[in-house]
Amino acid sequence: MSDASDAVQRLPLFPLKTVLFPEGVLPLRVFEPRYMDMVTRCMREDSAFGVCLIAAGEEVGETAVPHAVGTEACIEHWDMEQAGLLTLLTRGGRRFRVLDHEVERDGLLVAEVRWLEEPALQPVPEAQSDLLPLLQSIVTELGERLPPPHRFEDAAWVGARYAELLPIPLPAKQSLLELDDVLSRLEVLQAFLREHGLLPRLA
């Protein structure tokens, strides 16, 4: 795959009622023929598919309408517990913007996407350092459900993990995914945690 932010690529989409963030872990159970075929092709070609939050429609049945910004899902592990049921462990890669999409004959959604440029690594600012102890304790409690690497030194990683783990409405999670400024994302999440009593309020 090209790393150029202005490169356009065709990408199969898996619309879901969840928001996948870069480096996030997403387990999936796949049984619909269109997605079984898609996943099989991705494993054969060592390629990825895109996960987008559903804007309209459902996960199963008629093809759903996706939000315009999503995240590529890279398959890390897979298993077939029974015939016709694939279990996957995927990890979020790059964010993308859907430029156009079409529905193939089997109902699979395929999009023309442009990869979004990600900022260089930035440390967590001192003003948001109170986010770290709580996140470290959450990661420890989750154990294998949030496997390494754990990058507490990276503001983008910290913000993404909070955004996916907190009980925030899906439209708000989508807005956080679409934010290019990772420090603004941290500020929003810090305000949310203070508002809900999970961090001490400022005097």
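This is a predicted model: local features need pLDDT of at least 70, side-chain atom pairs count only at pLDDT 80 or more; totals for chains, interfaces and linings use all residues.
I started with Met43, which is partly exposed because its relative accessible area is 26% (buried is under 20%, exposed over 50%, partly exposed in between, with a 1.4 Å probe and protein chains only). Residues are numbered from 1 along each chain as its sequence is written, and side-chain values use heavy atoms, with hydrogens and water left out.

**Met43, continued.** I found Met43 in helix H1 (helices are DSSP runs of H or I with at least four residues, strands are runs of E with at least two, numbered from the N terminus). Not counting residues up to four places away in sequence, Met43 touches Ile75, Trp78 and Leu86 (contact means heavy atoms within 4.5 Å). Met43 and Trp78 are 35 residues apart along the chain, and I get 9.3 Å between their C-alpha atoms.

**Ala73 and Thr90.** Next I looked at Ala73 in strand S5, residues 69-82. Ala73 counts as buried because its relative accessibility is 0%. Setting aside neighbours within four places in sequence, I listed its contacts as Leu20, Ala48, Phe49, Val51, Thr90 and Arg91.

I followed that list to Thr90, which sits in strand S6, residues 85-103. Thr90 is also at 0% relative accessibility, so it counts as buried. What does its side chain find for a polar partner? A polar atom of the Thr90 side chain lies 2.8 Å from the backbone oxygen of Leu26 (a polar contact is a pair of N or O atoms within 3.5 Å; within protein, one must be able to donate a hydrogen and the other to accept it, and residues adjacent in sequence count only if both atoms are side-chain atoms). Beyond four places in sequence, Thr90 touches residues including Gly24, Val25, Leu26, Leu28 and Phe49.

Which non-glycine residues have a positive phi? I noted Glu23, at about 70°, and Asp46, near 55°. Glu23 is in the loop between strand S1 (8-16) and strand S2 (25-30), and it counts as partly exposed because its relative accessibility is 23%. Asp46 is in the loop between helix H1 (33-45) and strand S3 (49-56); at 72% relative accessibility, Asp46 counts as exposed.

I also logged a cis peptide bond from Pro148 to Pro149, with omega near 10°. Pro149 is in the loop between helix H2 (131-142) and helix H3 (155-165).

**Cavity.** I looked for cavities of 30 Å³ or more and the structure holds 1 (on a 1 Å grid over the protein atoms alone, a cavity is a set of points where a 1.4 Å probe fits but cannot get out, and lining residues have an atom within 4 Å of a point). The largest cavity has a volume of about 30 Å³, the volume being the space filled by probe spheres set on the points. Among its lining residues are Pro15, Arg34, Tyr35 and Glu58.

**Record check.** UniProt, in an unreviewed entry, places "domain: Lon N-terminal" at residues 8-197; such annotations may be inferred rather than shown by experiment. Over residues 8-197 I have 31% helix and 34% strand, with the end C-alpha atoms 43 Å apart.

Terms used
On a 1 Å grid over the protein atoms alone, a cavity is a set of points where a 1.4 Å probe fits but cannot get out, and a pocket is an open set with protein on both sides within 12 Å along at least five of seven lines; lining residues have an atom within 4 Å of a point.
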